[in-house]
Amino acid sequence: NRIIRLEKALRIDLRRIISLSDVYFSLLNFSLMTTESFKEKVQEDIPADKLSNSIKLDTERYLAFYLLKLKNSEKYEEREIFRKICEKFKELTQAGIDIAMTYEEGKNSALEVSIPVKMEEREIFTSSRMEEKKGKIPISLKKSEPYFRAYIIFEIGEEGERYQVKLDKSPAGFVELLFLLSIIMSSHQGVIALDEPALNLHPLMQRKLVRLIEEKVDRGSQAIIITHSPHFLSEKGTVWRLFLEEEATRAVKIGYNEIPDRLRFSHDVRSLLFSNGVILVEGDTELGALPILNEKCGKLIDFEGDNIAIQPVGGSGSFKKYVDFLEKCKISYVILADKDSEKELQNALECGYEELLKRVYLWPGEFEDIFSSNLREQAESLYKRSKVLKGRYMAEEVEECPEEVKKFFNFCRERLPV
């Protein structure tokens, strides 16, 4: 009996010789919860004779009826899943959710015309010729099947002033979140595989959803998340960074705990995982000025097109942490540092002068010196507390891109994937 149950559950034909890989992939398929990568409109109507069928939640299409069956199930466990979905949805969005259902009788909705006459080959078909051949055309009304209509209703607003919003008038993020919650809460120590789950979710909701997935993992589930969002990186997970190298997809494993504390909780640093190259600078003035100066240089670097990021490290003494992080992630980088940081960088990066020059552009003097003293004073009076805005202002006001800046951008072009 155990063998028969195993055969039915895993869909393995035990009448043939099976390999260990057959069992492995069958077990994986049995426990894996997957969804289609494309989005579908939620279907609210379903024929009455189909309601008793099992519903596979692989797309949003059957979400309404899946929730309806959970809510009205005779099994306590399924009703409890519905309750938890509603509870978590309200916790994440502050909005309530409910499912309503109506029954619609079939209606005379179509004409069915039958013409039991065989026309001769190549004969011109006209209404008069058909009348001559056949006489009258029998017409019958085709009655549509009775069907159920399920409504997903969101309750939005403060207590005492709440109002109901139907599915077609609700935010896209609500539908996506409800679908993801249904998948996650319905899994029982299985594998939850999500491909780009953050398309319609704002950052705070993404972080809350990650916490929920972590709770499921603590109870025995596994989760595989493919994402371009830094907010979906989990402290309890292992990060695999996929990147293109020599026309092939490569992967590098990064333990979350291997990332230094100072970098681990910064969303800006997490975002570096999705870049193709990084320019490390000492401070925020460079962060504000370089993109503007790049435009004035004729766009020597296409920051958006080539996916190049500028990352301030907060002083020359912090380059080491970022360099270790980028090298671990197999991300190309260059460093822009003041000339007086040369010795400090050599010691931090544990390299000689020649090796240093391959990765570091030593700026003669201070970066702000490329701007006139008058321009620096104006920026200081306008934006006392923001070096980023000071840098932007000075770069916008300068008439031409300084030659030293052009040299630096050409240095970057030779070392970054642009």
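## Helix α12

Elements that cover the buried residues of α12 include α11 (319-328), β14 (332-338), α13 (353-359) and β15 (360-363); a contact here is a pair of heavy atoms within 4.5 Å. The model is predicted, so that local features need pLDDT of at least 70 and side-chain atom pairs count only at pLDDT 80 or more, while totals for chains, interfaces and linings use all residues. Residues are numbered from 1 along each chain as its sequence is written, and side-chain values use heavy atoms, with hydrogens and water left out.

Helix α12 spans residues 342-349, and its buried residues are Glu 342, Leu 345, Gln 346 and Leu 349. These four lie on the same side of α12, because they cover an arc of only 100° around the axis, taken from the directions from the helix axis to the C-beta atoms. On the other side of α12, Lys 343 and Asn 347 are exposed. Buried means under 20% relative accessible area and exposed over 50%, with partly exposed in between (1.4 Å probe, protein chains only). Just after α12, Glu 350 has a positive phi of about 55°.

## Helix α15

In α15, residues 387-397, the buried positions are Lys 390, Gly 391, Tyr 393, Met 394 and Ala 395. Their cover includes α10 (284-296) and α14 (373-382).

## Second largest pocket

The second largest pocket holds about 1,200 Å³ of space. Elements giving two or more residues to its lining are α7 (203-218), β9 (222-226) and β10 (238-245). A pocket is an open set of points on a 1 Å grid over the protein atoms alone, where a 1.4 Å probe fits, with protein on both sides within 12 Å along at least five of seven lines; lining residues have an atom within 4 Å of a point. The volume is the space filled by probe spheres set on the points.

The lining has 34 residues, and Ile 225, Thr 238, Val 239, Trp 240 and Arg 241 lie nearest the pocket centre. Strand β10 supplies the largest share of the lining, eight residues. By class, the lining divides into 18 nonpolar, 11 polar and five charged residues; Asp, Glu, Lys and Arg count as charged, Ala, Val, Leu, Ile, Met, Phe, Trp, Tyr, Cys and Pro as nonpolar, and the others, Gly among them, as polar.

## Whole protein

The protein has 16 helices and 15 strands, which are DSSP runs (H or I, at least four residues; E, at least two) numbered from the N terminus. Of its 418 residues, 40% count as buried. Among contacts with a separation of 6 or more, 67% join residues 24 or more positions apart.
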